[in-house]
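Colleague: I would like to go through this model with you. Please back each label with a value and its cut-off.

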Amino acid sequence: MSLTVSPSLPALESRLPQRRELATEIPGPASRELQERRAAVVAAGAVSSMPVYAADADGGVIRDVDGNSFIDLGSGIAVTSVGASAPAVAAAVQDQVGHFTHTCFMVTPYEGYIQVAEELARLTPGDHAKRTVLFNSGAEAVENAVKIARLATGRQAVVAFDHAYHGRTNLTMGLTAKTMPYKSNFGPFAPEVYRMPMSYPYREENPELTGPEAAQRAITQIEKQIGADSTAAILIEPIQGEGGFIVPAEGFLPTLAAWARENGVVFIADEVQSGFCRTGAWFASEHEGVVPDLITMAKGLAGGMPLSAVTGRAELLDAVHAGGLGGTYGGNPVACAAALATLETMRELDLAGRAQAIEDIVLARLRALAEELGGAQGPIGDIRGRGAMLALELVKPGTTEPDPETTKAVAAACLAQGVLILTCGTYGNVIRLLPPLVIDERLLNEGLEVLEDALRASR
């Protein structure tokens, strides 16, 4: 396949050479030494997917402490969409640090927080009056969105979905569907959380089930098990992340949102992973014209700095009493400066358009590979996603049985050849592709070639 750069994805200036280069075995001696030091002081439960330690990163590459340069197809789980050291972000952080690193917005406020809220009011779907509150992590944003919905409605029940991932705090663990490694033996969890069936087109028992029909299936269960009058919120990822990059059938999200609106239920879109140009739009909700009541955001918002947000209808956020929302580090001034630079970079470089171009490149190659490996009888059961949030679901050939062993082996083979990819999925059998939106097309194609070769070798 051609590795030429197309006009749809022009090359961008980078500080580091944008090339894959293996100088040592993987992991190299410096990474192994750091691993030994880590084992002596870092909790065993805090694990890393890769056995290499980063020393530098820029554009579409990560350089480790041994001098190996890897093609990055993970973006720190969709965080470094503008690159891991985007010039505008680095400059904004340096400037803000020179003034002050913290005052606590709840004590002495500052303009950066307000500017971020103004940006989010403009960017998020809908032209209604909006308010924003800032936090540090995606889990914090989700937890506070639920708090807001419960207080504003006077109801308690929260609906979540199969395959969902919403975080690692107590409430968000309860909202998350997968037990290992996120929930096992960490209970009891917060009450009044109810799980409903997700639209998962590849694994529907009835392949003819439409999106609106799948939504009605969930609505019927909500009405029977909870009752609309007791339901505070529906919480859903427009494209599920850790659960396997599941894109619900068309019509599923709008039907749920319409039912919520008709019944006074707060519709919360968890856009922590799918937001900020990742899917080819500023927010994944936009693909079907869904206007959430509340949106939770994090990951791509601040170019790698810890910042999250809840943005939504003014009447919902303003219903909370004074002092009911906040946190010592929420909306940290350095993170706010990084966010403003990140959002401006996304606009200037049209990263939503670049995400669409990445989708065109990746899907064409993966679909050709799936046919080469046997089509419906091969190991690639499904190819799905939007923009630069794409996935392959691997199965045992000729079946729909998940194949987590091959998935793990393919990821390891890619790492050995200098390409970082991530896996996910309820069954551990999904390869997810989350390249930085600034990645060079030549580098993207080279990374895909390595992935393709690893899949061919796994047969």
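Modeller: Start with the salt bridge: a side-chain nitrogen of Lys or Arg within 4 Å of a carboxyl oxygen of Asp or Glu. By that rule the count is 21 salt bridges. This is a predicted model, where local features need pLDDT of at least 70 and side-chain atom pairs count only at pLDDT 80 or more, while totals for chains, interfaces and linings use all residues. Residues are numbered from 1 along each chain as its sequence is written, and side-chain values use heavy atoms, with hydrogens and water left out.

Colleague: Why is the pair Arg365 and Glu449 called a salt bridge?

Modeller: Their closest N and O atoms are 3.9 Å apart. The limit is 4 Å, so the pair qualifies. Arg365 sits in helix H11 (residues 351-372) and Glu449 in helix H13, 84 residues apart. Helices (H or I, at least four residues) and strands (E, at least two) are DSSP runs, numbered from the N terminus.

Colleague: What makes Arg365 buried or exposed?

Modeller: Buried means under 20% relative accessible area, exposed over 50%, and partly exposed in between (1.4 Å probe, protein chains only). Arg365 has 4%, so this residue is buried. Glu449 has 27%, so the label there is partly exposed.

Colleague: Which parts of the chain does the pair Arg20 and Glu446 link?

Modeller: Arg20 lies in the segment before helix H1 (29-41), and Glu446 in helix H13 (residues 441-457), 426 residues apart. The closest N and O atoms of this salt bridge are 2.8 Å apart. Arg20, at 27% relative accessibility, counts as partly exposed. Glu446, at 17%, is buried.

Colleague: How are H7 and H8 placed relative to one another?

Modeller: Two packed helices are described by the angle between their axes and the distance between the axes. Axes are lines fitted to C-alpha atoms, for helices over the stretch in contact, and angles run from 0 to 180 degrees between N-to-C directions. The axes of H7 (residues 211-225) and H8 (residues 252-262) come within 7 Å and cross at roughly 35°.

Colleague: Is the crossing of H7 and H8 right-handed or left-handed, and what defines that?

Modeller: A crossing is left-handed if the near helix is turned anticlockwise from the far one by less than a right angle, and right-handed if clockwise. H7 and H8 cross right-handed. Contact means heavy atoms within 4.5 Å. Among the residues making this contact are Ala215 and Ile219 of H7, and Leu256 and Trp259 of H8.

Colleague: Which elements do the buried residues of H8 pack against?

Modeller: They pack against strand E5 (157-161), H7, strand E7 (231-236) and E8. The buried residues of H8 include Phe252, Leu256 and Trp259.

Colleague: Which value of phi does Asp350 take?

Modeller: Phi of Asp350 is near 50°, positive in a residue other than glycine. Asp350 is in the loop between helix H10 (333-348) and H11. At 46%, Asp350 is partly exposed. Lys299 also has a positive phi, near 30°.

Colleague: What is omega for the cis bond of Ile26 and Pro27?

Modeller: Omega there is about -5°. The cis bond from Gly187 to Pro188 has omega near 5°.
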